[in-house]
Amino acid sequence: MFLEALAGARRSALHLELRDSYMLDDPEFIRWQQGYRINREDRASWWRPWCDTVATAAARGVEFRRARVVSEPVHDYIRYEYDVTFPNIVAGEQVRWLPRRNTTDLALPGVDFWLFDDQVALFNHFTGNGQWAGPDMETTTDPAVVKLCSSAFDSVWSRAIDHEQYEI
C-alpha cells in the first residue's frame with residue numbers, strides 16, 4: 001500500500017510523526033544505544049532501500065517533507081532519530097522538528113500519517129509501547145480527511161524548526 005502510493009506520487013509526499021518513540025526493541029536503535037553510529041562517508045551503509053526510494057522519487061520531482069512533533073526534553077529514541085536523519089536529507093527529504101509545547105492551538109490527527117499529492121492519506125497505527133499495530137496501514141482518499149491532514153501538516157510545518165537549526 002505505502003510503496004504503491006509513493007510510486008504514484010507526482011508532486012508531494014508528506015509525513016507527520018507524532019510519537020516520542022517507536023519500536024524500542026528495534027535492533028538498529030539498540031545498536032545506537034550501545035554506541036554505534038552510521039558512517040557518514042559510507043553511503044552504502046545507509047538505510048536501503050529507503051534512501052534509494054526517496055532519491056528516485058525526488059529525482060522525478062516529488063517533494064518529500066517530514067515533520068516531527070516532539071516532547072522536550074526529548075526521549076532517547078528522538079535523539080536516535082535526530083542522529084540518523086542525515087541520510088534522509090541527503091536522499092532528498094526536508095525534515096523539521098516542532099516542540100510539542102508549540103502545538104496547543106493546532107488541530108492534529110491522533111496518529112502519524114503520510115499524505116501523497118494532497119489526494120491519498122495513509123495512517124500508521126502503533127500500540128501504546130510503540131510497536132507496529134499492522135498488518136496494514138489505513139488508507140483513505142476521502143476529501144475531508146485528506147484536507148484535515150493537509151491542514152495539520154501545513155500548520156506544523158510552518159512552525160517547525162529545520163533539522164539543521166533544531167538543537168536536541
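## Terms and model

Two strands are said to pair if DSSP finds at least two bridges between them, and the strands themselves (E, at least two residues), like the helices (H or I, at least four), are DSSP runs numbered from the N terminus. By this rule β4 and β5 pair in the antiparallel sense over four bridges, with Trp 114 standing opposite Leu 122 in β5.

The structure is a predicted model, in which local features need pLDDT of at least 70 and side-chain atom pairs count only at pLDDT 80 or more, while totals for chains, interfaces and linings use all residues. Residues are numbered from 1 along each chain as its sequence is written, and side-chain values use heavy atoms, with hydrogens and water left out.

## The sheet

Seven strands form an open sheet of mixed pairing, in the order β6-β5-β4-β1-β2-β3-β7. The strands β6 (138–140) and β7 (161–162) stand at the edges, each with a single partner strand, so one side of each is left without a neighbour in the sheet.

β1 and β2 pair in the parallel sense over six bridges, and Ala 13 stands opposite Phe 64 in β2. β2 also runs parallel to β3, to which seven bridges join it; here the bridge partner of Val 70 is Pro 99 in β3. Seven of the eight residues of β2 are buried, where buried means under 20% relative accessible area, exposed over 50%, and partly exposed in between (1.4 Å probe, protein chains only).

## Helix α4 and its neighbours

In helix α4 (residues 76–83), the residues Tyr 77, Ile 78, Tyr 80 and Glu 81 are buried. Seen down the axis of α4, these buried residues fall within an arc of 155 degrees, so they line one face of the helix; the arc is that of the directions from the helix axis to the C-beta atoms. They pack against β1 (12–17), α2 (27–33), β2 (63–70) and β3 (93–99), contact meaning heavy atoms within 4.5 Å.

Phe 29 is found in helix α2 and, at 2% relative accessibility, counts as buried. Leaving aside residues up to four places away in sequence, Phe 29 touches Leu 24, Asp 76, Tyr 77 and Tyr 80. Phe 29 and Asp 76 are 47 residues apart in sequence and 9.4 Å apart in space, C-alpha to C-alpha.

## Nonpolar cores

A nonpolar core is a set of buried Ala, Val, Leu, Ile, Met, Phe, Trp, Tyr and Cys residues joined through side-chain atoms within 4.5 Å. The largest such core has 17 residues, and those with the most contacts inside it are Leu 16, Phe 113, Leu 115, Phe 153 and Val 156. At least two residues of this core come from each of β1, β2, β4 (113–116), β5 (120–123) and α6 (143–159), and α6 gives the most, with five residues. Apart from this core lies another, of 16 residues, among them Phe 2, Ala 9, Ala 13 and Phe 116.

## Salt bridges

A salt bridge is a side-chain nitrogen of Lys or Arg within 4 Å of a carboxyl oxygen of Asp or Glu, and a search of the whole structure finds eleven of them. The side chains of Glu 17 and Arg 66 meet in one of these (2.4 Å, N to O); Glu 17 lies in strand β1 and Arg 66 in strand β2, so the pair ties together parts that are 49 residues apart in sequence. Both Glu 17 and Arg 66 are buried.

The side chains of Arg 79 and Asp 76 also meet in a salt bridge (3.9 Å, N to O), and both residues lie in helix α4, three residues apart, about one turn of the helix. Salt bridges that share partners join Glu 17, Arg 66, Arg 68, Glu 81 and Glu 93 into one network.
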